[in-house]
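Hi there,

Here is the structure I promised to pass on to you.

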Amino acid sequence: MAVRKTVLITGATGGIGTAFARAYVRNRYNLVLCDVNEERLQAMAQQLQQEYKCNVKVLVANLAATASVDDLIVQLQGIRIDAFVAAAGYGEKMLFAKEDIQASVSMIHVHSISVVQLIHAILPQMLKRRKGDIIAVSSLAAFIPAPGSSIYSATKAFVNSFIESLHMEVGQKGIRVQSLCPGLTHTGFHKEADIKRFDKIKGLNLWMEADEVVAASLQGLEDGHIVCIPGFINKSIKHTVPAIPRQSFYKLVAKLTDIDR
Ligand SMILES: NC(=O)c1ccc[n+]([C@@H]2O[C@H](COP(=O)([O-])OP(=O)(O)OC[C@H]3O[C@@H](n4cnc5c(N)ncnc54)[C@H](OP(=O)(O)O)[C@@H]3O)[C@@H](O)[C@H]2O)c1
């Protein structure tokens, strides 16, 4: 009987992380789930084990804290990881000058530094097997700097650039990498007010469900999409932004952004 592969997912109890966990388990992977809240992680592991009779290991880590990431990497030693999904993250709604600098630094850790550290820890075993999949969840915001999310957009732009370079380094060595750039997706990421505000703009439904995002990502991996933008509207936004003169772009984004200056 074929040995089940294993996927490591951070942000596993979140909307997109959970959708990835379900998609991988349906593809007969065992799960190593990582998140910051132990209670939620255990509850989710139990539910998936019951539903799918799969193997689930849980690892609690705060990816904003260097010591916690170091500890996670130690715990991962000796575990075969065939696929890695970095889905941990959260939003920002604060002018940079007003933001606690520690909060800014924490976000850089969660979205960028911990992703680099974890990929660096997992990559050698994948390279040895000449096989492995890595998906880092970035954002459409990587292409749309905006007031109130200066650090968020920058961390996601970092991920895109890092993953594209990584692809050029390891793509010929059996490793498939992807920077997944969702737009608005119904998950715990958004507060009710934001969901209402972006409900429809000019009659367009800007929202996707986490399952749809994950399906696009996994298909994108098969199709060799290194930067994967799920959904027609998100793709259209990504292609339209560079065509807008920059000064007009700044005015437009400022107008659409609900931030108290
Ligand atoms: N939803 C969207 O519209 C959207 C759009 C573009 C990109 N994204 C990206 O998609 C990824 C997944 O987000 P989501 O939409 O699934 O949101 P979500 O439902 O809030 O899930 C995010 C998960 O990350 C975990 N997390 C947050 N801080 C962490 C930390 N310091 N250490 C470890 N885990 C931490 C959260 O745990 P707690 O809940 O316990 O804090 C949560 O389980 C994020 O990287 C986000 O930037 C989301």
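This is a predicted model: local features need pLDDT of at least 70, side-chain atom pairs count only at pLDDT 80 or more; totals for chains, interfaces and linings use all residues.

Residues are numbered from 1 along each chain as its sequence is written, and side-chain values use heavy atoms, with hydrogens and water left out.

The largest cavity holds about 50 Å³ of space; a volume here is the space filled by probe spheres set on the grid points, which are joined across faces, edges and corners. Helices (H or I, at least four residues) and strands (E, at least two) are DSSP runs, numbered from the N terminus. By residue type, the lining of the largest cavity has eight nonpolar, three polar and one charged; Ala, Val, Leu, Ile, Met, Phe, Trp, Tyr, Cys and Pro count as nonpolar, Asp, Glu, Lys and Arg as charged, and the others, Gly among them, as polar.

**The ligand**

The ligand is surrounded by 31 residues (a heavy atom within 4 Å), and the closest are Asp35, Arg40, Tyr152, Thr187 and His190. This shell divides into 14 nonpolar, 14 polar and three charged residues.

- A polar side-chain atom of Asp35 lies 2.7 Å from an oxygen atom of the ligand.
- For Leu63, a backbone N or O atom is 2.9 Å from a ligand nitrogen atom.
- For Gly14, a backbone N or O atom is 3.2 Å from a ligand oxygen atom.

On its own the ligand has 880 Å² of accessible area, and the protein covers 88% of that (Shrake-Rupley method, 1.4 Å probe).

**The second largest pocket**

This pocket (an open set of grid points with protein on both sides within 12 Å along at least five of seven lines) has a volume of about 230 Å³. It is lined by 14 residues, and the closest to its centre are Lys5, Tyr29, Asp133, Arg176 and Glu222. The lining divides into four nonpolar, two polar and eight charged residues. H7 gives the most to it, with three residues.

**The sheet**

Seven strands form an open sheet with parallel pairing, in the order S3-S2-S1-S4-S5-S6-S11; two strands pair if DSSP finds at least two bridges between them. Strand S3 (56-60) and strand S11 (227-228) stand at the edges with a single partner strand each, so one side of each is left without a neighbour in the sheet. Strand S1 (residues 6-10) runs parallel to strand S4 (residues 83-86), joined by four bridges. Ile9 has Val85 as its bridge partner in S4.

Best wishes

Definitions and conventions. A polar contact is a pair of N or O atoms within 3.5 Å; within protein, one must be able to donate a hydrogen and the other to accept it, and residues adjacent in sequence count only if both atoms are side-chain atoms. On a 1 Å grid over the protein atoms alone, a cavity is a set of points where a 1.4 Å probe fits but cannot get out, and a pocket is an open set with protein on both sides within 12 Å along at least five of seven lines; lining residues have an atom within 4 Å of a point.
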